[in-house]
Structure formats: C-alpha cells, structure tokens
Amino acid sequence: MTYIKVENVSKMYKVEKKKIYAVRNVSLNIDQGEFIILFGPSGSGKTTLLMLLGAIIKPTKGRILYDRVDITKFSEDEAAMWRHKNVGFIFQKINLVEFLNVLENVMLPMYPYAKDFKKIEHKALELIEKVGLMHRLKHKPAQLSVGEQQRVAIARALINNPKIVFADEPTSHLDTETGRNVIKLMKELRDTYNVTFIVSTHDPEMTVIADRIVKIRDGKIVKES
Ligand code: ADP
Ligand code: MG
C-alpha cells in the first residue's frame, strides 16, 4: 500500500542570483515497510531529498503526501510534532552526546516528551538488545568503535516508534564489512518493526540488500530497480 507520494517535487536554492536545483521534479511512491536505497554520487541531491521527505525543509514546488497528509503545508511547529510522532533520523555525522552513556543516548530524544520514564527505558533496552550492544550499556561513545556508535544512533532513531527512518550515508565512516553489517541490521529492524527505511549512499557496495534501489543524479531520479 502506498504510504508516501512524492509529486513533482523540486528544491531550488539561489546562490548569488544563480539558481541551483538540488532536487528537480522528483516523483516517487513509497510503500509502508519498504527498504529503499537512494543511490547517487556526491552532490546528486540525496541529503536534500531526505530532508524534504522528513519535513526538515520545504520544496520550492510539488507536494509530499503521507497517507494523504501534505507535509509541505505544515508550520514549523506542526512539522516538529509530526517528526516526533513519525520519523527517525540517522545522520551522516553520528553525533552522539559524548558525556552520556549508550542507554542515555538512546533515550535522549524522548526526554522532552517523557511521561513514563520506565516505559522509555524499557523500549531503549529492547532496541539496544536488538542492535547487539547490551554489553556496552554504560559505555560512553568514545569507548565504542565507530560501527558500535552507528548502532547506538540506529537504536536512538527508533526510540519514538517511528513509521519511517531516514539514514543519510550511514556507512560513509565505516569499512565495507562494518558498513554492510549496519545496512543488514537496519533491514532486520525493518523486518521486526515494519518501519519504512530510506537509506542514502554513494557506495555501490552498500546497495546489495535493498527492496528497491532509486538512482539519483543531478537532482533527478534516473533509474529504479
Ligand atoms: P548529496 O547529499 O547527494 O551530496 P545534496 O543534497 O547535499 O547532495 O546537494 C545537492 C546539490 O544542491 C549540490 O549541488 C549542493 O551544492 C546543492 N545544495 C544543497 N544544499 C544547498 C544549500 N543550502 N544552498 C545552496 N545549494 C545547496
Ligand atoms: Mg549528502
């Protein structure tokens, strides 16, 4: 069933009176629970498209519908609330909080909304178990390998029970094997929680296990397979 409809979306930036189209006239349908790899070289528009899909920025043109709700019409507050309810982000820069341990880092996004602290801790422990870091619970980020840090970021992205997770080049700081394991882990989490995943990469080695590969170049979708 179609979950997201991207309709003729463009994002244009003006830099010194010059128009730069980061995303040009993209249309795309995404099903609930799909695992999509967004594949393209540096500068092709991957980050911009993920930010548009995640209601972090607004398109210059076009609509993005989630179950018929047009997220491009949201005010900033509405967008923030919608993100909190529906979205998880895994950024290229892992950005864990260095003075918090693994458990605290995973729980952190929920602190502003915390009513039932025990329930959030319970969910965090479940996720930390799923990403294989129970033996690192009280460790600080600096005591972890980069691959382990990325696993913490993955658990953190799922703490709010999102319907969709965006991961922007999550393997770019990892060696090939660790990177593949991170992608595999995300796919397992998709299977467990039926979360839609959209994962960007410029690395062909990472495209092996997607349901669908969407190729992007110069802001345009050039091929789907
Ligand atoms: P990717 O993530 O695939 O490397 P980006 O989405 O970051 O690509 O960028 C796509 C294009 O849009 C690039 O040419 C980039 O320079 C341009 N771009 C991205 N963000 C901005 C911005 N805020 N202002 C101006 N140009 C931008
Ligand atoms: Mg990028």
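Before anything else, one term: when I say buried I mean under 20% relative accessible area, exposed means over 50%, and partly exposed is what falls in between, using a 1.4 Å probe and protein chains only. Also, helices (H or I, at least four residues) and strands (E, at least two) are DSSP runs, numbered from the N terminus.

Some housekeeping. This is a predicted model, so local features need pLDDT of at least 70 and side-chain atom pairs count only at pLDDT 80 or more, while totals for chains, interfaces and linings use all residues. Residues are numbered from 1 along each chain as its sequence is written, chains are lettered from A and ligands numbered from 1 in the order in which they are written, and side-chain values use heavy atoms, with hydrogens and water left out.

Which of its residues are buried on each side? On one side you have Ile164, Phe166 and Asp168, on the other Val165 and Ala167, and all of them are buried, so both faces are covered. That's five of the five residues, so strand 7 is largely enclosed by the rest of the structure.

Now put that strand in its sheet. It's an open sheet of six strands in the order 6-7-8-3-9-10, and the pairing is mixed; pairing here means that DSSP finds at least two bridges between two strands. At the edges sit strand 6 (87-90) and strand 10 (220-224), each pairing on one side only. On average, neighbouring strands are turned by 20 degrees against each other, direction ignored. For angles, axes are lines fitted to C-alpha atoms, for helices over the stretch in contact, and values run from 0 to 180 degrees between N-to-C directions.

What are the neighbours of strand 7 doing? Strand 6 runs parallel to strand 7, joined by four bridges, with Val87 opposite Ile164. Strand 7 (residues 164-168) and strand 8 (residues 196-201) are also parallel, with five bridges between them. Across that pair, Ala167 faces Val199 and Ile164 stands opposite Thr196. The chain gets from strand 7 to strand 8 through helix 6, in a right-handed β-α-β crossover. Right-handed means that, with the strands pointing away from the viewer, the path from the first strand over the helix to the second runs clockwise. Helix 2 (residues 76-86) lies across strand 6 and strand 7, at about 85 degrees to strand 6.

On to helix 6 itself. Buried in helix 6 are Gly179, Val182, Ile183, Leu185, Met186, Leu189 and Arg190. Seen down the axis they fall within an arc of 155 degrees, so they line one face of the helix. That arc is taken over the directions from the helix axis to the C-beta atoms. Glu177 and Asp191 are exposed on the face turned away from the buried side. Among the elements covering the buried residues are strand 3 (35-39), helix 4 and helix 5, where contact means heavy atoms within 4.5 Å.

Ile120, Lys123, Ala124, Leu127 and Ile128 are buried, and they cover an arc of only 135 degrees, which puts them on the same side of helix 4. Lys118, Lys119 and His122 are exposed on the face turned away from that side. Just after the helix, Gly132 has a positive phi of about 75 degrees.

Four strands form an open, antiparallel sheet in the order 2-1-4-5. Strand 2 (18-31) and strand 5 (69-70) are at the edges, each with a single partner strand, so one side of each has no neighbour in the sheet. Strand 1 (residues 2-15) pairs with strand 4 (residues 61-66) over five bridges, and Val6 has Ile64 as its bridge partner. Helix 1 (residues 46-53) lies across strand 1, strand 2 and strand 4, at about 125 degrees to strand 1. In helix 1 you find Thr48, buried at 11% relative accessible area. Leaving out residues up to four places away in sequence, Thr48 touches Lys11, Tyr13, Ala22, Val23 and Ile57.
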